[in-house]
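Keep the structure open as you read.

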Amino acid sequence: MTKITAAITMSVDGYITGPDDGPGKGLGEGGERLHYWVFGGPWSYEHEPQEEPAGEDADYLKEMTSREGAIIVGRNMYEAAGHWDDKNPFDAPVFVVTHRPEEQPETGEFSFVGSFQEAISRAKEAAGDKDVSIGGGADVIRQGLDAGIVDELHIIVAPVVLGGGKHLFEHFTKSLDLENLGVRQSQYATFIKYAVKR
């Protein structure tokens, strides 16, 4: 049965980006530190990553990507990532939730959908017996949690205090009961996996 997982990296003070995130600086000012674990160590927008993840970081990425059958992202994340240079960087179909799906041509690299519900429906169909991953940003993860459809919530905490940016749970008022499924640790992150109780 298809499982829906939401995963996102945040700072110790709860930010998923630094201030002033946007195209060319998707993680905001100083936000690169959130994804040291993804790129094998320090990198910046001026100096692209040169390393590969290793140890627990690589193990977590391998585990997640092996289970992914489809990925859902929000329009803001798609824009902030510079459209990933119009090439799907993942090994699964990507559905971009946007209020303006008609503005993007279907190229086969990404599917643009007009609602979160439509994205979930199409992603489940595309995933087959694999998982659907809600990869961010914060708004689509909050929509999934609010709708009560997320089976697992993975919070990856980077050892940094950003002091500003976007919070994952900003304006989220729903109460959630979570069950701790495990914690992993690396130099660059603490991986916390929760089951979302219903």
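Predicted model: local features only at pLDDT ≥ 70, side-chain atom pairs only at ≥ 80, totals over all residues.

**Salt bridge K25–E29**

- K25 pairs with E29 in a salt bridge.
- Their closest N and O atoms are 3.1 Å apart.
- E29 has 40% relative accessibility, so E29 counts as partly exposed.

**Salt bridge R184–E63**

- The side chains of R184 and E63 form a salt bridge, at 2.7 Å from N to O.
- R184 lies in strand β9 (residues 178–185) and E63 in helix α2, so this pair ties together parts that are 121 residues apart in sequence.
- R184 is partly exposed, with a relative accessible area of 22%.
- E63 counts as partly exposed too, at 23% relative accessibility.

**Salt bridge D139–R142**

- D139 forms a salt bridge with R142, and the closest N and O atoms are 3.9 Å apart.
- Both residues lie in helix α5 (residues 138–147).
- They are three residues apart, which is about one turn of the helix.
- D139 is partly exposed, with a relative accessible area of 44%.
- R142 is buried, because its relative accessible area is 18% and buried means under 20%.

**A network of charges**

- Which residues are linked in a network of salt bridges? They are K3, E56, E63, R67, D131, E152, R184 and K193.
- The network includes R184 and E63, the pair that meets at 2.7 Å.

**The cavity**

- Rolling a probe the size of a water molecule over the atoms shows where empty space is left.
- The largest cavity has a volume of about 30 Å³.
- Its lining is made up of T5, M64, R67, E68, D131, V132 and S133.
- By class, the lining has two nonpolar, two polar and three charged residues.
- Helix α2 (55–67) and strand β6 (131–136) each supply at least two lining residues.
- Which element gives the most to the lining of the largest cavity? β6 does, with three residues.
- R67 and D131 are among the lining residues, and both also belong to the salt-bridge network.

Notes: Residues numbered from 1 in each chain as written. Heavy atoms only, no water. 1 Å grid on protein atoms, 1.4 Å probe; cavity = no way out; pocket = protein on both sides within 12 Å on 5 of 7 lines; lining within 4 Å. Points joined across faces, edges and corners; volume = space filled by probe spheres on them. Helix = DSSP H or I, 4+ residues; strand = E, 2+ residues; numbered from the N terminus. Nonpolar A, V, L, I, M, F, W, Y, C, P; charged D, E, K, R; others polar. Salt bridge = Lys/Arg side-chain N within 4 Å of Asp/Glu carboxyl O. Buried < 20%, exposed > 50% of the residue type's maximum accessible area, 1.4 Å probe, protein only.
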